Amino acid sequence: MTLSSAPGKVYLFGEHAVVYGEPAVPCAIERRARVEVQRRDDGKLRVHAEDLSLNGFTVEYDGTPGNGPDVDVSESLISAAMGYVDEAIAQVRDVTGEDDVGFDVTIESDIPLGAGLGSSAAVVVAAIDAAARELGVTLEPDELAERAYQTEYQVQDGQASRADTFCSATGGAVRVEGDDCRSLEAPDLPIVIGFDGGAGDTGQLVAGVRELRDEYDFAADTVEAIGDIVRNGEQALADGDIAELGRLMDFNHGLLSALGVSSRSLDTMVWAARDAGAHGAKLTGAGGGGCIVALDPTPETETALSFTPGCEDTFRAELAEDGVKRLE
Ligand SMILES: Nc1ncnc2c1ncn2[C@@H]1O[C@H](COP(=O)(O)OP(=O)(O)O)[C@@H](O)[C@H]1O
Ligand SMILES: C[C@@](O)(CCOP(=O)(O)O)CC(=O)O
Ligand SMILES: [Mg+2]
């Protein structure tokens, strides 16, 4: 039995635009997915994921073809939900050369699904790390991040950046631009998260931005402008200038909203945070629903969010210094 964990993340800046080669700065947070893996010699894949619910059902899924879970939902919905784990195991079979190996996989996570906190990347990083180690192969950080990226790339139909997976694998604050991935020095940031209880479909939201960008030059310019915000943001981060970081986050949210990936509840939470005196606030991740990230060293934003209709949960997030952790 082998157990690894990996953190989720928030985007300080640059989601979506990073898919088209602009830089982005995500930051790992102390909310983790833990994946326990046990080798099976019958080649089957059995996945137990308590937190994975489809239309209100919690499923236990045996990945064997023709042996789907006993719930009243379509096969396509199930494969959409299980795609990340299936592909992560395919990457492990490939990297170890053990094409026919099977696994029992148990996933436990404190990261809400589809909410912009990178649950998919955390599950994928921890699953690849644990399954490879279960077969006696300890992956170097670069190889682990690359395999995790390939997993997201496959599942999201070729529309993924290296940002989430690199950040989850290495921890801390990182900067990703195309295939250039590096760690950044970051001050202690007063991160507050608001969660509307909902989720967005990353693949669909990325596809929507792609269509806008293909159709309108001004949408392509908007994507480039997000890149400019990120470059300014890096400087503000290096200077430890929280007020400037907040202003740039506000601007970034406006441009994401223009690209159609915000929602009423995300906007409501962003405004609640701003009204409470946060330095800045924006949606994080793919959008459509899920989480916002705000910067506020005082308790005001958390208090305001806890009274905001549509905000289901609010909490402070510590920067996760460590990426993947090898637990057993
Ligand atoms: N606890 C979990 N158990 C099993 N699968 C998970 C878990 N958390 C995330 N996943 C996988 O990640 C998907 C959500 O990823 P995504 O849509 O990219 O949102 P995000 O990465 O913002 O949370 C889920 O549909 C599921 O496939
Ligand atoms: C929209 C995007 O930039 C980030 C998606 O983040 P999340 O899966 O919503 O946490 C897509 C990507 O970078 O692969
Ligand atoms: Mg994701």
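Select Tyr 149 first: in this predicted model, its relative accessibility is 10%, so Tyr 149 counts as buried, the limit for that class being under 20%. With a relative accessible area of 32%, Tyr 153 is partly exposed. Both tyrosines belong to helix 3, which covers residues 141–155, and they are 4 residues apart, about one turn of the helix.

**A second pair of rings**

Move on to Tyr 216 and Phe 218, whose rings form a stacked aromatic pair. The centres are 4.7 Å apart, and the angle between the planes is 20°.

**Charges over rings**

Select Arg 31 together with Phe 315. Arg 31 is placed over the face of the Phe 315 ring, 3.9 Å from the ring centre. Then select Arg 274 and Trp 271. Here the charged end of Arg 274 sits over the ring of Trp 271, at 4.7 Å from its centre.

**The surroundings of ligand 2**

Centre the view on ligand 2 and display the residues around it. Which residues are the closest to ligand 2? Of the 17 residues that surround the ligand, the closest are Lys 9, His 16, Gly 118, Ser 161 and Ala 286. By class, this shell comprises 7 nonpolar, 7 polar and 3 charged residues.

- Ser 161: a polar side-chain atom is 2.5 Å from an oxygen atom of ligand 2.
- Thr 202: a polar side-chain atom is 3.5 Å from an oxygen atom of ligand 2.
- Ala 286: the atom concerned is a backbone N or O, at 2.9 Å from an oxygen atom of ligand 2.

With a surface displayed, consider how much of ligand 2 the protein covers. On its own, ligand 2 has 380 Å² of accessible area, and the protein covers 96% of this.

Finally, colour the chain by secondary structure. Which elements give two or more residues to the shell around ligand 2? They are strand 1, spanning 2–13, and helix 5, spanning 202–215.

Note on methods: Residues are numbered from 1 along each chain as its sequence is written. Chains are lettered from A and ligands numbered from 1 in the order in which they are written. This is a predicted model: local features need pLDDT of at least 70, side-chain atom pairs count only at pLDDT 80 or more; totals for chains, interfaces and linings use all residues. Side-chain values use heavy atoms; hydrogens and water are left out. Buried means under 20% relative accessible area, exposed over 50%, partly exposed in between (1.4 Å probe, protein chains only). Rings of Phe, Tyr and Trp (its six-membered ring) pair if their centres lie within 6.5 Å; planes under 30 degrees apart count as stacked, over 60 as edge-to-face and the rest as tilted. A charge sits over a ring if NZ of Lys or CZ of Arg is within 6 Å of the ring centre and within 35 degrees of the ring normal. A residue is near a molecule or strand if one of its heavy atoms lies within 4 Å of it. A polar contact is a pair of N or O atoms within 3.5 Å; within protein, one must be able to donate a hydrogen and the other to accept it, and residues adjacent in sequence count only if both atoms are side-chain atoms. Accessible areas come from the Shrake-Rupley method with a 1.4 Å probe; for residues, only the protein chains shown count as cover. Ala, Val, Leu, Ile, Met, Phe, Trp, Tyr, Cys and Pro count as nonpolar, Asp, Glu, Lys and Arg as charged, and the others, Gly among them, as polar.
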